[in-house]
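This report describes a protein chain, going from whole-chain totals to single residues. The sequence and structure come first.

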Amino acid sequence: MNKRAFHVLEFTKIIEQLTNYCVSDMGRALASKIEPSSEYDEVVRRQNETLEADSFLIKTGSSPIIYFSDVSAALRLAEIGSVLSPKMLLDIVGVLRSVKAAKEALVHAKESEMSVPILHSRASSLVTLREIEQAITEAILSEDEIADRASPELYDIRRKKRSCNDRVRERLNGMIRNPNFQKYLQDPIITMRSDRYVLPVKQEYRSQVPGIVHDQSTSGATLFIEPSAIVEIGNELKQLIAAEKNEIERILKGLSAMVAPQCDVIRSNLDILSYLDFIFAKAELSHSMHGQAPEINAEKRIKILRGRHPLIHAKKVVPLDITLGDAFTTLVITGPNTGGKTVTLKTVGLFCLMAQSGLQVPADYGTSLPVFDEVFADIGDEQSIEQSLSTFSGHMRNIVSILENVTPDSLVLFDELGAGTDPTEGAALAQAILSSLLKIHTRTIATTHYSELKEYAMTTPGAENASVEFDVSTLAPTYHLMIGIPGKSNAFEISRKLGLPEYLINNARELLSKDQIRFEDVLANAEMYRLQAEKERQIAEEQHQEVISLRNQVEKERKNLEQQREATTAKAKAEAKRIIENARRESEALISELREMRKAGGIQEHEVQKQRQAMDALLDQQNPDAPEEIETLKAVEIGDMVHVISMNIDATVIALPDAKGYVSLKAGMMRMRAQLSDLRSLSAREQQSKRDQKQRSTKATQTNRVNIVQRNIRQELDIRGMATNEAIPEIQKFLDDAVLSSLHEVSIIHGVGTGVLRSKVQEVLKHHPSVMSYRPGRYGEGEAGVTIVTIR
């Protein structure tokens with residue numbers, strides 16, 4: 001495609017933004033070379049790969065591509081047998097780590113049923129070289145440091161080197177610490193010159209310090225001498241340093257030799273990684289501008305829904321709706337200056353370039369864009385002083401070039417077509433140009449101020465008018481595009497608002513021809529009817545939304561009622577079961593007490609069984625899971641008050657049962673339908689009240705029976721003379737009986753004795769859950785031989 005359109009439509013700025021989202025330099029290089037494709041299948045493929053990356057980012061939250069360097073130069077050196085530096089080898093490790101991360105993430109995405117076939121296919125071609133990665137990682141710690149364990153030889157050399165260093169320093173420190181020797185030194189320090197350990201000796205004491213002079217200060221006052229006592233050790237150290245260097249060279253040579261056979265594989269990995277980086281940069285760019293994948297069509301049909309120019313701030317941009325290519329192929333946009341005509345042209349052109357490059361566009365779902373072989377744009381001031389071209393000449397030269405290269409599969413954008421010359425001649429030229437493009441069905445959008453072009457679009461099949469809205473009351477454009485309505489220049493209204501005298505405006509109107517006045521009146525009436533229709537549409541839409549809101553509110557209330565009913569029912573059943581279990585335990589305790597009383601001769605066995613049967617009947621009546629006989633309705637009348645059993649609410653009958661037995665009901669604001677068998681008369685609810693009353697009466701009877709037993713319960717327990725193992729069960733049973741009888745305070749008589757039984761009693765009381773506190777008896781209560789217990 002022609003590069004001129006890239007600059008005119010500011011596609012180059014989009015490319016610059018795209019490169020900023022790339023992780024690697026190689027990815028940025030790919031992104032900077034992006035160009036729109038004119039092949040339908042290629043455009044669809046590009047959009048699909050961006051869509052997959054976008055889906056991956058949404059589901060995982062981050063790109064699988066980590067930073068990697070371009071190691072192409074290192075690979076070329078390895079192929080010719082050169083020794084790679086530690087930095088080059090670490091960069092190769094960075095590539096291999098990026099390969100591993102990308103492959104694991106994208107292959108795992110396939111296994112986790114994330115639909116990314118294109119990304120999965122590319123990631124599957126990546127080759128992980130774990131042996132090379134591990135060997136380099138273990139041998140090289142940083143660009144300047146090789147690991148001691150890189151080889152046994154290197155480890156041994158460095159061990160000896162450390163030993164030599166220690167011996168040298170030990171001897172030199174001994175000299176420095178000698179008070180007699182310190183006077184020969186400029187400073188009591190150890191330093192190095194030419195990889196040799198030296199001492200800074202004063203010039204005048206040169207003869208007092210035998211050794212080799214390796215350097216001197218600028219003034220000559222200080223000589224850096226390696227004492228003779230450490231020369232041999234220094235020579236040994238020098239040899240070890242050389243051996244270390246040779247061993248490191250050998251290690252790097254070995255690692256380079258491992259890389260050499262895999263250069264093609266690593267180079268292929270680089271290409272795949274850089275392209276994956278480029279793909280995910282496209283997805284990141286889409287996220288930043290809230291982009292949407294457009295539908296790509298082969299019918300040369302443009303449909304943009306709420307399109308936002310990506311280079312205008314999101315808070316300032318006005319969404320654009322525009323169609324082209326269905327009922328018409330030429331669109332003429334009119335309206336006042338700074339109204340948004342040029343932005344509309346640039347938005348359409350830029351969207352097409354982005355879509356054909358595989359980029360998503362900032363528009364709503366449902367946006368559809370075609371594939372053009374070329375996008376031509378004549379936008380901006382074409383004046384050139386250097387080439388002696390006026391504005392009109394510059395535009396015309398560009399238009400001539402467009403007409404020479406345009407095809408039916410092209411998109412042509414004209415800004416102020418025919419401007420810069422005589423209006424009559426300019427309008428005629430503009431009509432001729434538009435007609436030639438319309439004849440070959442080229443998709444064309446042109447902006448203009450010429451009334452002749454408005455008439456042309458109104459009367460020519462295949463052409464359509466559009467305008468940018470202008471608010472005369474505020475003298476400001478609204479930037480909304482209206483297709484089907486030509487725009488007005490509003491020159492008279494704007495002039496009046498700005499204070500131009502009325503008589504001048506009237507004189508200007510008289511200079512217009514009757515046809516011009518009539519045409520402007522038609523435009524004014526059309527605009528008035530459009531505004532009225534738009535207002536009515538907004539009112540209808542608001543009412544529609546209100547109805548939907550009310551319906552949703554009613555449905556929400558109905559669901560809340562249903563949930564409350566279910567929750568209340570579940571809670572009631574749980575509470576009833578708890579009460580029944582408590583009553584069952586209490587009844588068993590009561591029966592046990594009655595049996596004790598029978599043994600004591602206070603009651604007969606048949607009376608015990610009679611009480612047991614009465615209590616079982618009471619429990620059966622309280623069972624929430626027992627089937628309940630409910631009197632349902634056989635027929636209803638309109639206006640009857642009924643109770644809906646399944647929902648536990650009261651309602652009014654508003655319609656008789658239909659053929660399927662459903663009755664229409666109203667409960668407050670909510671309307672509903674329920675089966676006739678799900679209804680009962682409100683009078684039937686009195687049965688439930690009677691059952692509740694009976695349950696309360698039965699419970700009172702049970703309470704009275706328990707009170708009868710309470711009078712026979714002892715308030716003191718005498719365990720004197722009992723063994724410990726005999727006393728503990730008696731104490732526990734005594735406390736349980738006291739709890740069932742609702743006693744507040746009881747006494748346990750254990751005697752004084754040795755205190756063993758008293759200690760055991762207190763230990764039991766300390767851990768019993770029903771005991772609030774206990775204390776020794778006071779004077780008159782038995783003192784130390786009695787323990788007084790307070791029950792919770």
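## Overall composition

Of the 792 residues of the protein chain, 40% count as buried. The model is a predicted one. Its secondary structure comes to 23 helices and 25 strands.

Among contacts with a separation of 6 or more, 66% are between residues 24 or more positions apart.

## Aromatic pairs

How many aromatic pairs does a search of the whole structure find? The search gives 5. One of them joins Phe56 and Phe280 in an edge-to-face arrangement, with 5.7 Å centre to centre and 75° between the planes. This pair links distant parts of the chain: Phe56 belongs to helix α4 (residues 40-60) and Phe280 to helix α12 (residues 263-288), and the two are 224 residues apart.

Both partners can be classed by accessibility. Phe56 has a relative accessible area of 4% and is therefore buried. Phe280 also counts as buried, because its relative accessibility is 1%.

Elsewhere, Phe181, Tyr184 and Tyr205 make up one aromatic cluster.

## Arginines over rings

Two arginines are placed over aromatic rings, as follows. The charged end of Arg149 sits over the ring of Tyr155, at 4.1 Å from the ring centre. Arg193 lies over the face of Phe224, and here the distance to the ring centre is 4.0 Å.

## A nonpolar surface patch

Which residues make the nonpolar surface patch of about 290 Å²? They are Leu500, Tyr503 and Leu504. Of these, Leu504 is found in helix α18 (residues 502-511). The relative accessibility of Leu504 is 35%, so this residue counts as partly exposed.

Thr344 is part of helix α13, which covers residues 341-356. Is Thr344 buried or exposed? With a relative accessibility of 5%, Thr344 counts as buried.

Once its neighbours within four places in sequence are left aside, Thr344 is in contact with Leu320, Ile322, Ile333 and Leu481.

Gly661 is placed in the loop between strands β18 (649-655) and β19 (662-667). Although Gly661 is in a loop, this glycine is buried, with a relative accessible area of 19%. That value falls under the 20% cut-off for buried residues.

Not counting residues up to four places away in sequence, Gly661 touches Ala674, Gln675 and Leu676. For Leu676, which is 15 residues from Gly661 along the chain, the C-alpha atoms of the two residues are separated by 5.9 Å.

Where is Glu10 placed? Glu10 is in the loop between helices α1 (3-8) and α2 (11-20). Its phi is positive, at about 65°, although Glu10 is not a glycine.

Ser194 is another residue other than glycine with a positive phi, in this case near 55°. Ser194 is located in the loop between strands β3 (191-193) and β4 (196-202). At 55% relative accessibility, Ser194 counts as exposed.

Conventions: Residues are numbered from 1 along each chain as its sequence is written. This is a predicted model: local features need pLDDT of at least 70, side-chain atom pairs count only at pLDDT 80 or more; totals for chains, interfaces and linings use all residues. Side-chain values use heavy atoms; hydrogens and water are left out. Rings of Phe, Tyr and Trp (its six-membered ring) pair if their centres lie within 6.5 Å; planes under 30 degrees apart count as stacked, over 60 as edge-to-face and the rest as tilted. Helices (H or I, at least four residues) and strands (E, at least two) are DSSP runs, numbered from the N terminus. Buried means under 20% relative accessible area, exposed over 50%, partly exposed in between (1.4 Å probe, protein chains only). A charge sits over a ring if NZ of Lys or CZ of Arg is within 6 Å of the ring centre and within 35 degrees of the ring normal. Patches are made of residues with over 30% relative accessible area and no salt bridge: like charges are joined within 9 Å, nonpolar side chains (Val, Leu, Ile, Met, Phe, Trp, Tyr) within 5 Å. Accessible areas come from the Shrake-Rupley method with a 1.4 Å probe; for residues, only the protein chains shown count as cover. A salt bridge is a side-chain nitrogen of Lys or Arg within 4 Å of a carboxyl oxygen of Asp or Glu. Contact means heavy atoms within 4.5 Å.
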